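Please consult the sequence and the coordinates alongside the text.

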Amino acid sequence: MMNRMKDLEQNIVDAVRAYGLKEMLRNEETAIRASRIRKLRFKHLGWSSAAIMGIAALALLLIALPTMNRMRHYADSYAKAIQEVGCSRGEPNLVGNELLLMQAAEAMAEGDWNTAERYSETVMMALEEQIATEDEQELYEQAEWYYTITLMHNGQYLKAHRLLRRIEQRQGIYATQAAQVR
């Protein structure tokens, strides 16, 4: 009887161990499944995020490309008009900011866009804080316009777009042209 009791106790212990082992295996299997599901979700999320970003970039390109082409074309045609008209006729006595603007226009006409950008930006910065007269305001607006045109030509479309919006809102000399280009 004692052996039978020992066998029975051993069977109970084995059953408890087996049940605990089964429970532990179930829990481990559940954790593995949950980990696989998380990995699959993350993988799908990663692919879908990449797809969404790609689609957004493509849409932006399709929307922005016509605007960029229009800006570039406008800058080129403006430079061509300057070249045809000639920018320094009749004003040999220019000095300071006026001379720099004339040189910026000549640089645009010659296709030296970086020099034109530098000259027009220099005039803008010089006049930005000290516009006191109507002539200075007009000179500033012209420098800002030239600077915007050089940005459009040099591919800095977002910066040019911001300046075009600012020119249009200010309702200055070049507001109509800015609205057409923008």
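The model is predicted. Two packed helices are described by the angle between their axes and the distance between the axes. The table gives these values for two helix pairs.

| Helix pair | Axis distance | Crossing angle | Handedness |
|---|---|---|---|
| H2 (residues 96–110) and H3 | within 8 Å | roughly 155° | left-handed |
| H3 (residues 113–128) and H4 (residues 134–153) | within 8 Å | roughly 145° | left-handed |

The axes of H2 and H3 cross at roughly 155°. H2 is therefore roughly antiparallel to H3, since angles over 145 degrees are classed in this way. The crossing of H2 and H3 is left-handed. On the H2 side, the contact is formed by Asn97, Leu100, Leu101, Gln103, Ala104, Ala107 and Met108. H3 contributes Trp113, Thr115, Ala116, Tyr119, Ser120, Thr122, Val123, Ala126 and Leu127 to this contact. Sorted by class, the contact of H2 with H3 holds 11 nonpolar and five polar residues, with no charged residues.

For H3 and H4, the axes cross at roughly 145°, and this crossing is left-handed. Residues of H3 in the contact include Trp113, Ala116, Glu117, Ser120 and Glu121. Among those supplied by H4 are Glu136, Leu139, Tyr140, Ala143, Glu144 and Ile149. The class composition of the contact of H3 with H4 is 12 nonpolar, three polar and five charged residues.

**Nonpolar core**

In soluble globular proteins, nonpolar side chains tend to be buried together. In this model, the largest nonpolar core has 35 residues. Tyr78, Met108, Trp145, Tyr146, Ile149 and Met152 touch the most other members. Two or more residues of this core come from each of H1, H2, H3, H4, helix H5 (157–170) and helix H6 (175–181). H4 gives the most to this core, namely nine residues.

Which residues does Ile149 touch, not counting residues up to four places away in sequence? Ile149 touches Ala75, Tyr78, Met108 and Trp113.

**Glu28 in helix H1**

Glu28 is located in helix H1 (residues 2–85). Is Glu28 buried, partly exposed or exposed? Its relative accessibility is 48%, so Glu28 counts as partly exposed. The C-alpha atoms of Glu28 and Ser49 are 31 Å apart in space, and these residues are separated by 21 residues in sequence.

Technical notes: Residues numbered from 1 in each chain as written. Predicted model: local features only at pLDDT ≥ 70, side-chain atom pairs only at ≥ 80, totals over all residues. Heavy atoms only, no water. Axes fitted to C-alpha atoms, helices over the stretch in contact; angles between N-to-C directions. Helix = DSSP H or I, 4+ residues; strand = E, 2+ residues; numbered from the N terminus. Left-handed = near helix turned anticlockwise from the far one by under 90°. Contact = heavy atoms within 4.5 Å. Nonpolar A, V, L, I, M, F, W, Y, C, P; charged D, E, K, R; others polar. Buried < 20%, exposed > 50% of the residue type's maximum accessible area, 1.4 Å probe, protein only. Parallel < 35°, antiparallel > 145°, perpendicular 65-115°, else oblique. Core = buried A, V, L, I, M, F, W, Y, C linked by side-chain atoms within 4.5 Å.
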